[in-house]
Amino acid sequence: MGSGASTLTPPSSPEPESPVTVRRRARSSQAVNQNNRHLIRTNEVAPIIIHNCREEFQHVSDFKEPIVFGSIADNMPEHALIKGKYFLVKDIPQKTDRKYEFYRAPNFRKACPHLPVWACGQPTERGLSTILDSLSNEGFTDILLFNLREEPVLFVDSGSDMLPYTIRDRDTLESLVLLGRSPQEADEAEARVRKEVIDLAILNDKNKFYFYGDIENPQKELRELTVQYEDNLLVSEEVYSRHMLCSHSVRFKRLCFPLEASPTDEDIDDFLNVFKECPKFFEKSKSCNPGLLFTCNSGQDRATVGSIMGCLVLAQKYGFPQDLNRSPHQSSKKFNSLQKGDYYSVRKLVRIIPNGVHIKNQVDQLIDHCSEYCHLRILIYDLVQKLERIERNGSQKTNDLIDRLFTRCCHLLERYVFLICFNAYLTEQFPQWFSLSFSQWMQRQPGLTRIRGNVGCPDIQVPVDLLFTGQHYLVADEYIGLDVLSTQSDVMVSNFRRINIKGFPIYGMAQPARHGVTKVTNHLLSRKVGHTFLVLINLRNDCSIELDGNTYSIRDSVWLEEPITHPLLHSQELEEIGEEIKKAIKTHRSVEVYHELSEPSEVIEVSSILTPQELALQQKLQTLDMQYYRVPLTHDTTPCEQDFDDISSVICEHCLKNQPINNTAFLFYCRTGKNRTTLAMAIAGLIMCHIQGFPKGANIGEQERVSCPNAQYTKGDFMIVQKLVRLLPKGQQIKREVDFILDEIFETMSPMHFHIREVIFVIYNKIKNAKNDEDKQHLKQQSIDALERYLYLIMFNAYLHHDKKIQWSRSFSEWMKKVAVKIGVYQLLDNLGFYDFEKVPTSFKTMKERWSNRGQNLPFQGSFV
């Protein structure tokens, strides 16, 4: 018995712990088997076996944990498990399509009749050769081969072919096990699995391991196969890559597409780099005529997405065929609006993409052509319909099912939105030979990034009836401990305050009720304070309602601490939802509310109801000298560029036209008067400084010296901040002015500790005392969000300096895309982290991670429409 496997193969690496449902049994390396008359003993070099008077050095096992034995089903033999929990199961089911016997690949087909793109499930080794030979005979100059699998695959010698097997967990045999998040990780994971299989096999006399052919009937096709050498087990890299040597026309790339969600931007860059390696591809001539082949496990989900992407690329070269408008699906079935992909996030996406309707139609037409086995839009539609049926039934036992369906629906909708973004990228960048990579292009499209991250908001159109079914509750905005500035006694509103700069009429407060609005308005317009006009600005992006003198926000029963937010809705849509809530409560006449979360809920009879807009309009009937605006901002996250523009337009509308500025008071409010209100006050303060001039304290040498531990970070001098400052003209002064405004909004001794700059390090410093990983992640999220807001304020001040001469006729959004992008601000935002403390920051590093709907992890309860 010779040595089993090469020690050059990467050793096993630890995995995250997961429950193991099989019986554990430690296997001793010092055992005696009298029947086989051999003795196993160990020394410092390696196990030695004396058998038939012959001594050999054997394979050195790297196992540090006891070997786990288990059976795939009851009354089945026990054997050693891969990584203590996995079985090897045949990848290709016996029940497959008619073409399988010839091509040895399930669901092999040409994706689009007009374009040279093919897709299939996992081929065997012989099957892949057959398919590539078939494509070569069609005369393509290049065959671009893409393996889209991220799960480990082993090809097992069956005598006439090498058949693919994947590892499966006993409790979820139908689900694939994912070990690699990048092509390199996937390749290494396969090598480790192969090494472990061989290690386990050669620990016994037979050098055999168990392989299963049918997960529905594992006893039917259980096989013990010899796997003593690497030659008996091939990994994907060996099966695919060798064709590049055997044929000069084949180019291979492994891309780890997720099972349901959209691929990463890095994977798309790798995909497009294959085309960039052949400059002739971008020429209209046919000197470079490639054929594309995409493979995944079944040939359905991922291979379909890949083939659509391939068709979109080739359509840029050859043109979209004229008969795409008469696609097979459209000719046989009339789609309704949802089946055509008419979802809220898609509509919002199409509005901000140049020629968006046409871009989406091109994607839809190719989806129809490439979807013989898997139609993306129909899958989304069916899931939405199923979710809404379950929701209407109201069964409490289906919560787990709803969560699974909702997650899958979000992933597929994200994939659909990605394809539209990808086509928009191709339309712009193909004529430029992909001068910008897809990831670079997406960095310059913050609006698209935000939509991609929020496609699955379940609360776009939350049914108001949920208020009366026990799923949603009204919770009072005012609570014990909210009024840390003790202003309720003065103006009947919590946390009322003014920016501490003489002549700057900028105020902030928490959510007011009707009496508070009246009191604050009279105070600001009084002769003592001296303002003659009031601008009231509501910053909330959740739905609130005022009932009999108290304001309430809508919360979900599973997370009563925070309101349900609507990150994709604009101001008018939020006001319309408020009207619907008002009508529903009026119809029922009573509603269940919480006044304090520490106390039980109670049902109250309602006599008077006002929406936020009506609160302002009611006051305007008494006070003509006021105006109401709504600029919805998301709590604890950075506003988008458009939010800065919306606040700027409100300030400039009144400040540039009306003089003196001090006559008009700007009063911002959010739910607590802290986070969003402080940010909006800072934006307004910077604008007014540029209109009136910065007062003393904003220039070099005028600021107070900070003398405290970690003063460097208290002053915001993080590495990432200094990087931005160095990119900006007069960057140090721009930062100094931002710091001045923040210091004047907030005093260090104030009981309301929400200083946008100082809170960055305060929150991050709490991570070391966090009780668990979940708390650590939450604190890191909060601190990096505060850091990003600080960076945005610096960039906004740079914009105010740059465009001051044209009185900011160009929006901040335009300036960021056309000016700031040149110095790499989006690359910086896409690599955000505390490099002062972490060499390789990962959590919330990218814009997509930070801007995705982290939400409240609420169950599906509304509509995607």
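Reply: Gladly. Two strands pair if DSSP finds at least two bridges between them; strands (E, at least two residues) and helices (H or I, at least four) are DSSP runs, numbered from the N terminus. The model is predicted, and local features need pLDDT of at least 70, side-chain atom pairs count only at pLDDT 80 or more, and totals for chains, interfaces and linings use all residues. Residues are numbered from 1 along each chain as its sequence is written, and side-chain values use heavy atoms, leaving out hydrogens and water.

Me: What makes strand β24 (residues 590-594) and β25 a pair?

Reply: DSSP gives them four bridges in the antiparallel sense. Pairing asks for at least two, so β24 and β25 qualify. Within this pair, glutamate 592 faces valine 603 of β25.

Me: Why are β25 (602-605) and β26 (609-610) said to stand at the edges?

Reply: The open sheet holds six strands in the order β25-β24-β18-β23-β22-β26, with mixed pairing. β25 and β26 each have a single partner strand, so one side of each lacks a neighbour in the sheet.

Me: How do you know which strands pair with β18?

Reply: By the bridges again. With strand β23 (residues 550-556), β18 runs antiparallel over five bridges, and leucine 474 is opposite isoleucine 554 there. Leucine 474 has valine 593 as its bridge partner in β24.

Me: Why is strand β18 (residues 472-476) called mostly covered?

Reply: Buried means under 20% relative accessible area, exposed over 50%, and partly exposed in between (1.4 Å probe, protein chains only). Five of the five residues in β18 are buried. In a regular strand the side chains alternate between the two faces of the sheet. In β18, His472, Leu474 and Ala476 lie on one side, Tyr473 and Val475 on the other, and all are buried, which leaves both faces covered.

Me: What makes β11 and β12 a hairpin?

Reply: Four residues separate the two strands, and in the turn glycine 159 has a positive phi of about 105 degrees. Strand β12 (residues 162-169) runs antiparallel to β11, with five bridges joining them, and methionine 162 in β12 is the bridge partner of aspartate 157. β11 also pairs antiparallel with strand β15 (residues 233-235) over three bridges, where valine 156 is opposite leucine 233.

Me: How do you know that phenylalanine 668 is buried or exposed?

Reply: The relative accessible area of phenylalanine 668 is 0%, so this residue is buried. Phenylalanine 668 belongs to strand β28 (residues 664-669). Contact means heavy atoms within 4.5 Å; among those that phenylalanine 668 touches are Ile506, Tyr507, Ile537, Leu539 and Ala684.

Me: And what makes a set of residues a nonpolar core?

Reply: The members are buried Ala, Val, Leu, Ile, Met, Phe, Trp, Tyr and Cys residues joined through side-chain atoms within 4.5 Å. The largest has 82 residues, and Phe668, Leu787 and Leu793 touch the most other members. Helix α24 (residues 773-802) supplies its largest share, 14 residues. A second core of 73 residues, including Ala111, Leu272, Met309 and Leu312, is separate.

Me: Why does serine 437 count as buried?

Reply: Serine 437 has 17% relative accessibility, so it falls on the buried side of the cut-off. Serine 437 sits in the loop between α11 and α12. Beyond its neighbours within four places in sequence, serine 437 contacts Asp269 and Tyr425.

Me: What makes something a pocket?

Reply: On a 1 Å grid over the protein atoms alone, a pocket is an open set of points with protein on both sides within 12 Å along at least five of seven lines, and lining residues have an atom within 4 Å of a point. The second largest pocket holds about 1,200 Å³, a volume being the space filled by probe spheres set on the points. Of its 44 lining residues, Glu150, Arg181, Thr264, Glu266 and Glu849 are the closest to the centre. Elements giving two or more residues to that lining include α5 (265-276), α11 (399-429) and α13 (446-453).

Me: Which residues of α13 are buried?

Reply: They are Pro446, Leu448, Thr449, Arg450, Ile451, Arg452 and Gly453. With seven of its eight residues buried, α13 is mostly covered.

Note on methods: On a 1 Å grid over the protein atoms alone, a cavity is a set of points where a 1.4 Å probe fits but cannot get out, and a pocket is an open set with protein on both sides within 12 Å along at least five of seven lines; lining residues have an atom within 4 Å of a point.
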